[in-house]
Amino acid sequence: MRHLLSIADLTRDDVERVLDGARGLDGTEPQPVLRGRLVLNVFYESSTRTSSSFDLAARRLGATTMTLKESGSSADKGESLKDTVQTLSAYGPSVLVMRHPQAGAPAFAARHTDAHVVNAGDGKHQHPTQALLDLYTMRSALGRLEGLHVAIVGDVLHSRVARSLVQALGLVGAQATLIGPPALLPRGIEALGCETSTEIAAIGDADVVYVLRMQRERMLAGASYVPSLREYTARWGITPERLRPGQKVMHPGPINRGVELDARVADGSASLVLEQVRAGLLVRMSVLQELAVGAARLQEVA
Ligand code: CP
């Protein structure tokens, strides 16, 4: 793997290699395979989980890390993305992790750096490491991926997480149903390989109920997607009463408690939310190893 920009670029073997690599790191002292390497984290949008886990993952593998956030950088003075990428690449990073509000920005960066680029979320497009950590979490909790049914509920329209996860579930032989208000289910999304429903009852058959955040920051001012947040919660919010015994609940975070997810569920025994956070560290370590070390190994063989 040269870069990790989209789940669409991966094969099932790629996914299984990353997940197996993460499992190999669980509970073991990691090898400092990135000693002497630099991992750059460039975040043009806010983040808690993704930025902290990439930073920790790189350090656990022995790398030096540097994080640049848009606010306070020379992007504030109008510096272009290309100039920023070329400037930071002059330090010789092995890996450049990028989050950006524009779809395609990490792919653009990959054309202007020798580093391996990881997409840490670009607009509504993709969040591939989120999908990989979600698969890892499901496999750990349920013992398999093949044949699982995952109901993805909420603001699908603005969700890069949903797009990546549907594709990832398809690669491993699992089934996805997207559920939400009509205005938050993009027309033609079934082409990704999923079913859709506007009825919350469609979660009934799912092994996992994957709850999406209402992304109010991406909603157009003045546009009406749901009659009100109160009505959204009443019709699509995930409460203990809506779950059947044995169903697991996931959320990529951050959670709007009391909007898309009831606090009793978020903190209850069905919730895998903190397992997702722990998986994020292991899977991102595995991705960094795969990119920086796997590529070097391939060059040695060639
Ligand atoms: N799930 C996720 O991407 O969370 P952060 O925005 O906190 O990184």
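A salt bridge is taken here as a side-chain nitrogen of Lys or Arg within 4 Å of a carboxyl oxygen of Asp or Glu, and by this rule the structure holds 11 salt bridges. The model is predicted, with local features needing pLDDT of at least 70 and side-chain atom pairs counting only at pLDDT 80 or more, whereas totals for chains, interfaces and linings use all residues. Residues are numbered from 1 along each chain as its sequence is written, and side-chain values use heavy atoms, with hydrogens and water left out.

**View 1. The two domains and the contact between them.** The domain assignment, which comes from an automatic or database source, gives domain 1 as 7–126 + 280–296 and domain 2 as 128–276. The contact (heavy atoms within 4.5 Å) takes 30 residues from domain 1 and 27 residues from domain 2. Their C-alpha centres lie 25 Å apart. Between them the domains bury about 2300 Å², of which 58% is on carbon and sulfur atoms; buried area is the accessible area (1.4 Å probe) that two parts lose on being put together, summed over both.

**View 2. Polar pairs and elements at the domain interface.** Across the interface of domain 1 and domain 2 the rule finds three salt bridges and 10 residue pairs in polar contact, both residues at pLDDT 80 or more. A polar contact is a pair of N or O atoms within 3.5 Å; within protein, one must be able to donate a hydrogen and the other to accept it, and residues adjacent in sequence count only if both atoms are side-chain atoms. On the side of domain 1 that touches domain 2, the elements giving two or more residues are α1 (12–25), α2 (49–60), β3 (95–100), β4 (116–122) and α9 (273–301); helices (H or I, at least four residues) and strands (E, at least two) are DSSP runs, numbered from the N terminus. The largest share of that side, seven residues, comes from α1.

**View 3. The salt bridge of Arg12 and Glu146.** The closest N and O atoms of Arg12 and Glu146 are 2.9 Å apart in this salt bridge.

**View 4. The surroundings of Arg139.** Arg139 has its place in helix α5, and its side chain makes a polar contact with the side chain of Asp20 at 3.1 Å. Leaving aside neighbours within four places in sequence, Arg139 is in contact with Leu19, Asp20, Arg23, Arg144 and Leu145.

**View 5. The residues around the ligand.** With a heavy atom within 4 Å as the criterion, the residues around the ligand are Ser47, Thr48, Arg49, Thr50, Arg99, His127, Gln130, Pro252 and Gly253. A polar side-chain atom of Ser47 lies 2.6 Å from an oxygen atom of the ligand, a polar backbone atom of Thr48 is 2.8 Å from a ligand oxygen atom, and an N or O atom in the side chain of Arg99 is 2.9 Å from a ligand oxygen atom.

**View 6. The cis peptide bond at Pro254.** The peptide bond from Gly253 to Pro254 is cis, with omega near -5 degrees, and Pro254 is placed in the loop between β9 (248–250) and α8 (263–266).
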